[in-house]
Amino acid sequence: MSDAPSLRQSALKYHELPKPGKLEIRATKPMANGRDLSLAYSPGVAEACLEIKADPANAALYTTRANLVAVVSNGTAVLGLGNIGALASKPVMEGKAVLFKKFANIDCFDIEVDEQDPEKLADIVCALAPTFGAINLEDIKAPDCFIVEKLCRERMNIPVFHDDQHGTAIVVGAAAKNAVYVAGKAFEDIKIVSTGGGAAGIACLNMLLKLGVKRENVWLCDIHGLVYEGRAEDMNPQKAEFAQATDKRTLDEVIDGADLFLGLSGPNVLKPEMVARMAKRPIIFALANPTPEIMPDEARKVAPDAIIATGRSDFPNQVNNVLCFPFIFRGALDVGATEINDEMEIACIDGIADLARATTSAEAAAAYHGEQLTFGADYLIPKPFDPRLVAVVSSSVAQAAMDSGVATRPIEDMAAYKQKLNQSVFKSALLMRPVFDAARAASRRIVFAEGEDERVLRAAQAILQETTETPILIGRPEVIEQRCERFGLDIRPGRDFQLVNPENDPRYYDYWSSYHEIMQRRGVTPDLAKAILRTNTTAIGAIMVHRGEADSLICGTFGEYRWHLKYVEEVLGGHGLRPHGALSLMILEQGPLFIADTHVHQLPTPEQIAEIAIGAARHVRRFGLEPKVALCSQSQFGNQAEGSGKRMRAAMEILDAEDRGFCYEGEMNVDSALDPELRQRYFPNSRMTGSANVLVFAHADAASGVRNILKMRADGLEVGPILMGMGNRAHIVNHSITARGLLNMAAIAGTPVAQYG
């Protein structure tokens with residue numbers, strides 16, 4: 001705990017700076033002039049009001065209600081801090097709202113209510129129904145929370161969900177489902193001993209009963225000992241449901257032979273000697289925070305094969321409600337559910353559990369670098385930053401709501417709904433859809449030069465799952481085999497993809513001979529060709545494409561761009577193919593923007609600029625977009641005679657010499673390219689309308705600088721760079737590319753471009 005003071009200071013600074021709190025409200029509609037004001041407020045707003053008065057369901061069309069959740073607390077049971085009051089609970093509720101937005105793109109208001117009477121609190125919550133699409137009750141002490149939730153559910157026609165109860169129960173249910181599976185046991189046979197008779201503990205036990213556990217096999221203990229028939233001290237109807245007819249009174253007396261210990265109580269409640277008396281392969285969920293009922297290392301001293309989960313992030317199997325509540329609300333809101341019922345909760349459990357058994361995502365692996373994310377005793381449930389959760393879990397919940405009859409806005413196309421959810425997580429998904437559709441219609445062989453890289457391995461798995469392409473990896477077999485195992489990937493060389501071993505491949509003679517034939521009049525001797533084709537994986541991949549053993553090469557996950565370009569151009573250039581430029585698609589909040597040339601030509605000539613513009617237009621159409629190309633310069637429509645403006649004007653003359661079939665304009669400043677009103681003031685007769693979506697620069701430094709600024713300061717996601725002019729036979733990526741980025745590049749490499757010319 002030596003870092004506690006620094007953690008405290010960091011946490012306080014996090015909440016204070018750069019502005020107090022974790023939330024703000026932003027408008028989703030323009031508010032730039034008088035007309036905007038008249039639409040947003042009086043008189044235009046009256047039209048939306050009248051539509052809702054005529055049909056309350058129209059609130060989902062004209063307001064945020066269908067995507068708005070209230071997080072409501074009275075501060076009586078906040079984390080492990082107890083009854084700290086409504087105001088002091090506000091940082092927690094703001095944090096909950098941030099998680100809703102981050103993980104499921106749900107808007108959220110935190111509402112802290114200074115009312116401890118549960119019936120009055122329920123009255124207040126019910127009065128909020130016109131504002132919200134759902135209610136998340138939070139940090140309300142037991143048994144008051146049971147009363148509040150019951151009354152709200154009875155009186156409100158929107159989902160009401162007490163996350164401390166049901167969110168915890170769902171994640172525990174998912175972890176338990178997989179733990180029982182790993183341990184080779186069955187719910188109907190196991191004995192459960194639980195400590196903690198609060199809201200979360202009771203809800204978890206009720207959920208386990210729904211999953212098949214027998215009530216007579218559940219032994220509940222609280223601070224006063226075992227809950228038994230006839231006990232009067234600190235009892236309520238919820239606890240009484242689990243009372244056992246026995247003369248045993250303590251945890252120590254009932255722990256013998258337990259298959260599952262479920263702790264939602266306090267530190268050090270479960271002793272090592274108790275663990276030693278549990279069943280073989282015991283399952284221990286020690287969920288008290290920050291100190292669990294038993295530390296994992298203490299439990300493993302007496303039960304090395306124990307399957308252990310905690311509530312902490314520094315141990316495997318963190319039981320975290322964020323795996324549940326954003327996604328169950330996402331599914332419920334999207335179908336207009338009137339409640340969250342048992343069927344929806346079990347669907348949520350199944351979705352979470354099934355996802356853990358699937359191969360881990362590249363994004364989760366990147367967020368938890370160094371952790372073993374392979375299904376088993378130390379990986380029972382997914383990590384919160386696994387981006388697949390929103391589509392898998394939310395769609396399962398939505399389907400369950402429809403099947404159980406509580407959906408007021410059923411989803412007709414579930415596949416399209418899942419795709420939409422993925423688009424909310426993967427910023428590139430919507431723009432890449434036409435490219436992936438084309439890739440599925442083709443069947444190309446993509447060779448990856450850096451086949452041992454984790455990102456490449458994860459991309460290869462995704463390629464096999466999402467396209468009809470065939471990945472070919474260059475790398476050492478034993479290294480790739482080990483890394484697939486370590487990263488939890490179920491692909492294997494030889495079975496799922498072709499492998500080229502640079503150290504010992506039967507085609508080595510053919511490869512170096514082909515390379516020597518190409519390069520023999522450029523100073524490359526047979527010995528040098530042999531050395532290059534033994535050590536240079538980019539050259540190997542290029543030779544494979546040259547020989548027709550692969551259709552396209554992807555390289556560049558490490559090393560300098562132009563180093564790779566040298567071998568690509570040497571081996572694959574000629575016959576009308578040569579690099580014209582590198583095009584990067586930047587996906588921004590305002591929409592897509594293409595930047596060229598970022599890598600190939602340091603100071604392009606007018607002829608090269610024209611080629612870049614033509615190639616960029618061709619590739620933009622691959623994304624289902626109509627190109628609007630701006631030739632960018634410091635000069636503005638001829639106001640500077642020399643410099644980049646001179647080259648841009650010459651490029652315009654080249655472009656104007658033929659009918660190009662796409663819109664282009666220049667030379668102009670970047671702001672004029674992107675702001676039609678500003679461009680109109682400078683040059684009223686411009687041939688371009690609207691904003692440009694392709695910016696072509698006269699210097700690679702300018703293009704690269706804009707690209708990097710958009711990535712680092714505008715949260716832009718890059719797809720590319722796309723190497724233009726090489727007939728889609730090779731693409732050189734940046735070393736910062738992700739596995740998802742490589743998948744996108746594979747889809748681009750896997751589709752023809754000639755049809756877009």
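Six strands make up an open sheet of mixed pairing, in the order β7-β6-β5-β8-β9-β10. Its edge strands are β7 (225-226) and β10 (307-310), each of which pairs on one side only. Strands here are DSSP runs of E with at least two residues, helices are runs of H or I with at least four residues, and both are numbered from the N terminus. Two strands pair if DSSP finds at least two bridges between them. In general, strands of a sheet pair through backbone hydrogen bonds, either parallel or antiparallel. Within this sheet, strand β5 (residues 192-195) pairs with strand β8 (residues 260-263) in the parallel sense, over four bridges.

The model is a predicted one, in which local features need pLDDT of at least 70 and side-chain atom pairs count only at pLDDT 80 or more, while totals for chains, interfaces and linings use all residues. Residues are numbered from 1 along each chain as its sequence is written, and side-chain values use heavy atoms, with hydrogens and water left out.

The cysteines come next. A disulfide is a pair of cysteine sulfur atoms within 2.5 Å, and by this rule the count is zero. For Cys-221, the closest cysteine sulfur belongs to Cys-204 and is 15 Å away, too far for a bond. For Cys-632, the closest one is in Cys-663, at 13 Å, which is also too far for a bond. Cys-221 is buried, at 3% relative accessible area, and Cys-632 is buried at 2%. Buried means under 20% relative accessible area, exposed means over 50%, and partly exposed lies in between (1.4 Å probe, protein chains only).

Thr-537 lies in helix α24 (residues 537-546). Thr-537 counts as buried because its relative accessibility is 19%. Apart from neighbours within four places in sequence, Thr-537 is in contact (heavy atoms within 4.5 Å) with Ala-449 and Ile-474.

The last stop is the region around helix α2. Met-31 sits in the loop between α1 (4-16) and α2 (34-40), and is exposed with a relative accessible area of 52%. Arg-35, in helix α2, is exposed as well, at 60%. Arg-35 and Pro-387 are 352 residues apart in sequence, and their C-alpha atoms are 40 Å apart in space.
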